[in-house]
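Please look through the sequence and the model together before reading on. The paragraphs that follow move from the overall fold to a few individual positions.

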Amino acid sequence: MGFLIRLAITAVALWITTLIVPGVDVHGRSGGNTVLTLIVVALIFGVINAVLKPVIKVVGCVFYLLTLGLFALVVNALLFLLTDRIARGLDLPFEVDGFWAAFWGAIVMTVVTWLISVIVPDDR
């Protein structure tokens with residue numbers, strides 16, 4: 001059940017990000033198509049963060065230390081761009097227009113996900 005809640009939180013955060021950040025868009029043909037796209041992209045984003053982010057943190061720990069953690073913003077933006085590339089490869093109507101849209105999109109996603117996670121109770 002916790003996985004589905006996390007997926008729903010990420011999908012809602014992604015939807016809010018598409019409303020706030022110019023250059024991050026979902027072009028669904030209908031409301032149901034848009035919701036399904038948001039869920040699939042949220043799943044892709046979650047898998048990317050679960051698999052690649054820990055590896056990047058270990059490999060790039062020196063950059064994290066040298067930049068006092070600011071390198072994490074760049075990593076998050078690049079992971080957001082990777083999500084866009086995979087979604088395009090799967091022919092999903094999700095689009096991120098460049099690095100800066102990914103940069104701000106990743107920041108908004110992080111903040112919104114955190115805010116929703118504070119509100120929604122966790123089973124743990």
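Which pattern does the protein follow when it is read along the sequence? The order is α-β-α-α-α-β-α, made up of 5 helices and 2 strands, where helices (H or I, at least four residues) and strands (E, at least two) are DSSP runs numbered from the N terminus. The radius of gyration of the protein is 14 Å, close to the 14 Å that the globule rule gives for 124 residues, so the protein is as compact as a globular protein of that length; the radius is taken over C-alpha atoms, and the rule is 2.2 Å times the number of residues to the power 0.38.

This is a predicted model, in which local features need pLDDT of at least 70 and side-chain atom pairs count only at pLDDT 80 or more, while totals for chains, interfaces and linings use all residues. Residues are numbered from 1 along each chain as its sequence is written, and side-chain values use heavy atoms, with hydrogens and water left out.

Taken along the principal axes, the C-alpha atoms fill a box of roughly 45 × 35 × 25 Å. Of the contacts (heavy atoms within 4.5 Å) between residues at least 6 apart in sequence, 73% join residues at least 24 apart. Buried residues make up 37% of the 124 residues, with buried meaning under 20% relative accessible area, exposed over 50%, and partly exposed in between (1.4 Å probe, protein chains only). The protein exposes about 7,500 Å², of which carbon and sulfur atoms supply 75%, as computed by the Shrake-Rupley method with a 1.4 Å probe.

The UniProt record, an unreviewed entry, places the feature "transmembrane region" at residues 33-52, 59-81 and 101-120, although such annotations may be inferred rather than shown by experiment. In the model, residues 33-52 are 100% helix and 0% strand, with end C-alpha atoms 28 Å apart, and residues 101-120 are 95% helix and 0% strand, with end C-alpha atoms 27 Å apart.

Two loop positions complete the picture. Glycine 69 sits in the loop between helix H3 (61-66) and helix H4 (71-89), and its relative accessibility is 30%, so glycine 69 counts as partly exposed. From proline 54, glycine 69 is 15 residues away in sequence and 14 Å away in space, C-alpha to C-alpha. Aspartate 91 lies in the loop between H4 and strand S2 (94-96), where aspartate 91 has a positive phi of about 65° although it is not a glycine. Because its relative accessibility is 68%, aspartate 91 counts as exposed.
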